[in-house]
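Dear colleague,

Please find below the sequence and structure that I am handing over to you. My notes on what was found follow directly after.

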Amino acid sequence: MKSRGPYRRHSTPFKLQLCQDIRNGVIGRRDAQRTYSVSANLIQLWLTQFDRGELNDEEAEASVIAEYEAHIAALERKVGQLTMELDLVKKTPRQPIAEGNEKSSIITGPRPAPSDGGAK
């Protein structure tokens, strides 16, 4: 048995263009089926909607606007997340970096400087 593959959504501009091409004789139904991997039933449904005037430019514009709004919302969420991460990094104290040949350990930190008071 052949699997149907992933569920796909087709944009209104795509449906509108395909229906116009079929109705104008640019492409046949079977060619559209093979080229775009769309079932005959789905093409017939779109053609019926096209003939009734249900697939129009206003609906296509509304669809595009909805897609843009969803994309903007996702970007705003990402900006918020990155802002919170940046604020957290700014508030976290930094460990001093060992200079020159000084050896440093994560546990003990940099070694103390030798005192000038003289060694005993």
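Asp31 is partly exposed, its relative accessible area being 40%. Please bear in mind that this value, like those that follow, comes from a predicted model. Asp31 takes part in a salt bridge with Arg34, and 3.3 Å separates the closest N and O atoms. Both residues belong to helix α2 (residues 29-36), where they are 3 residues apart, so about one helical turn lies between them. Arg34 is exposed, with a relative accessibility of 61%.

The count of salt bridges comes to 2. Besides the pair within α2, there is a salt bridge between the side chains of Arg23 and Asp51, with an N to O distance of 2.6 Å. Here Arg23 comes from helix α1 (residues 12-23) and Asp51 from helix α3 (residues 40-52), so this bridge ties together parts that are 28 residues apart in sequence. Arg23 counts as partly exposed, at 38% relative accessibility. As a general point, side chains of opposite charge can pair when their charged atoms come close.

On the α1 side, the contact is made by Phe14, Lys15, Leu16, Leu18, Cys19, Gln20, Ile22 and Arg23, and on the α3 side by Ile43, Trp46, Leu47, Phe50 and Asp51. Of the residues in this contact, 9 are nonpolar, 1 is polar and 3 are charged.

Turning to the aromatic residues, there are 2 aromatic pairs. Phe14 and Tyr36 form an edge-to-face pair, 5.2 Å from centre to centre, with 80° between the planes. Phe14 lies in helix α1 and Tyr36 in helix α2, so this pair ties together parts that are 22 residues apart in sequence. Both residues are partly exposed, Phe14 at 23% relative accessibility and Tyr36 at 33%.

Phe14 also pairs edge-to-face with Trp46, at 6.1 Å centre to centre and with 90° between the planes. Since Trp46 lies in helix α3 and Phe14 in helix α1, this pair ties together parts that are 32 residues apart in sequence. Trp46 is buried, with a relative accessible area of 3%. Phe14, Tyr36 and Trp46 form one aromatic cluster.

With kind regards

Conventions
Residues numbered from 1 in each chain as written. Predicted model: local features only at pLDDT ≥ 70, side-chain atom pairs only at ≥ 80, totals over all residues. Heavy atoms only, no water. Salt bridge = Lys/Arg side-chain N within 4 Å of Asp/Glu carboxyl O. Helix = DSSP H or I, 4+ residues; strand = E, 2+ residues; numbered from the N terminus. Buried < 20%, exposed > 50% of the residue type's maximum accessible area, 1.4 Å probe, protein only. Contact = heavy atoms within 4.5 Å. Nonpolar A, V, L, I, M, F, W, Y, C, P; charged D, E, K, R; others polar. Phe/Tyr/Trp six-rings, centres within 6.5 Å; stacked < 30°, edge-to-face > 60°.
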